[in-house]
Amino acid sequence: MALDRRSFLIGSGAAAVPLLLAGCGFVRSSPSQQTEGTLTFTTWGTDAELAGFRDSISAFEAANPGTTITLNAVPYEQMFTNIDAQLQAGNPPDIFRVPYYTFGAYAGRGQLLDLSPLLASDTRDQFTPTAWAAVQNGGIPYGLPHHTDTSAILVNRNLLSQAGIDSVPTSLDDAWTWDELASIGDRLRSSLPADKYPWAYNWQGNGVTRWLSLLFQAGGSFLAEDQKTPLIDSDEARRAVEFSSSFFSNGYVPANNTIASSSYASEAWFSQSVAMVWSGAFQLPDADATASFDWTATYAPRDRRGGGDFGGNALVATSQTSQPELAASFLEFVTQQEQMRNFCRAASLLPTRTDLLNSDLEFDIRSELAPIFAAQATTVQPQDAAQVASPSMSAIIPVLKEQLDLAFAGSQDAAATVSALQSGIAGVTGA
């Protein structure tokens, strides 16, 4: 059974449009020219992802004789314990892979290489504004966005048909509204056996950041432009808490579909305990290989606006690298069009380049569903993703976990939850 272990992040709401999108002082007109030396690269990954990295390394080494890239693949559970220990000891890898939500903490502590004097002058233009915003800290790029992912909805057609629901939205403009989704939930709840549920939401563990998609859909924000001042005390946030809490009070989700649950939402969908699940495109290969039922994908719902989570990972160089130019050259190479296309196509991930994230996007598996995830990614606005660069994001996550689970358990209402979120976020950001 596939486990939803990949890290995903999203950011602030519509009020937060930081200066991260401004020019970053690039002085080079072409990438760094250092092409000889040895670099170490630490990452985790699926078999497809690791194969993609190895292919990129081989291509870079072939194009740059005298260069060696040593890949160190580790389990995700050990990845950042190892990285933190190596940074503390002064012997980190030259390059590592990092979820966007963790990026800000490393950049804020001065542990990442400032790439602004090392990148080509047009590097920023190659990426979507949302992706570029996610690798900034204080207006400076400290990494390159390698790929992203965002949650759409995987659908068990058989269970929907039992409720008389024979079609799902086939365009972003027709995505279910919150009210329509609630109506779908009611129909499924009345038609399904008591031990089956309309859906499961993928907010377990650090995936709590995916709850912010609902906040953005309501038109809300959680941080101001300074990436410190909380803005979550709002009618929009109270509406988002009320809506997500209704998943439990109306029986739309299993009782254990909490943030603190040790079971991932995808497990309930694979076992056919739920009819729908919020999921990233990375699970398409597992679904294709193991799902024994007719299934498809559709778009996440919308309220005042569409919205989604900005997931995926960046590639960064450490500030302690002895070969900054070579490290920057490798980062730019891995994020070139051909390299990124091949990596994302094989791993069912979304590219961050503007020339790849479009309706022509293809996956090796269930490629007809790729445009759904590509379109869903367009609902993530730069001001949403920019918050991943906040040095406080890792500390905000436990606040979200605690307060939202209290709301879902019925222990506090939306007003109390939002008030606690406001004060809790202020407490960890120092605002």
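Helix α11 (residues 324-334) is mostly covered, with 9 of its 11 residues buried. Buried means under 20% relative accessible area, exposed over 50% and partly exposed in between, with a 1.4 Å probe and protein chains only. Helices are DSSP runs of H or I with at least four residues, strands are E runs of at least two, and both are numbered from the N terminus. Among the buried residues of α11 are Leu326, Phe330, Glu332 and Val334.

This is a predicted model, in which local features need pLDDT of at least 70, side-chain atom pairs count only at pLDDT 80 or more, and totals for chains, interfaces and linings use all residues. Residues are numbered from 1 along each chain as its sequence is written, and side-chain values use heavy atoms, with hydrogens and water left out.

| Residue | Strand | Relative accessible area |
|---|---|---|
| Leu39 | β1 (residues 37-43) | 0% |
| Thr148 | β6 (residues 144-149) | 4% |

Leu39 and Phe330 are 291 residues apart in sequence, yet 9.1 Å apart in space, C-alpha to C-alpha. Leaving aside neighbours within four places in sequence, Leu39 is in contact with residues including Ile95, Leu326, Ala327 and Phe330. Contact means heavy atoms within 4.5 Å.

Thr148 has a polar partner. A polar atom of its side chain lies 2.7 Å from the backbone oxygen of Gly311. Beyond four places in sequence, the contacts of Thr148 include Phe310, Gly312, Leu349 and Pro351.

Now the cores. A nonpolar core is a set of buried Ala, Val, Leu, Ile, Met, Phe, Trp, Tyr and Cys residues joined through side-chain atoms within 4.5 Å. The largest has 53 residues, and Leu188, Trp203, Trp211, Phe222, Phe247 and Met276 have the most contacts inside it. Helix α15 gives the most to this core, with 8 residues. Trp211 touches Trp203, Leu404 and Phe408, among others, not counting residues up to four places away in sequence. A second, separate core of 52 residues includes Ile95, Leu115, Leu118 and Phe330.

Helix α15 (residues 393-408) also packs with α3 (residues 100-108): their axes come within 8 Å and cross at roughly 130°. That makes α3 oblique to α15. Axes are lines fitted to C-alpha atoms, for helices over the stretch in contact, with angles from 0 to 180 degrees between N-to-C directions. Under 35 degrees counts as roughly parallel, over 145 as roughly antiparallel, 65 to 115 as roughly perpendicular and the rest as oblique. Tyr101, Thr102 and Ala105 in α3 meet Met393, Ser394 and Ile397 in α15.

Terms used:
A polar contact is a pair of N or O atoms within 3.5 Å; within protein, one must be able to donate a hydrogen and the other to accept it, and residues adjacent in sequence count only if both atoms are side-chain atoms.
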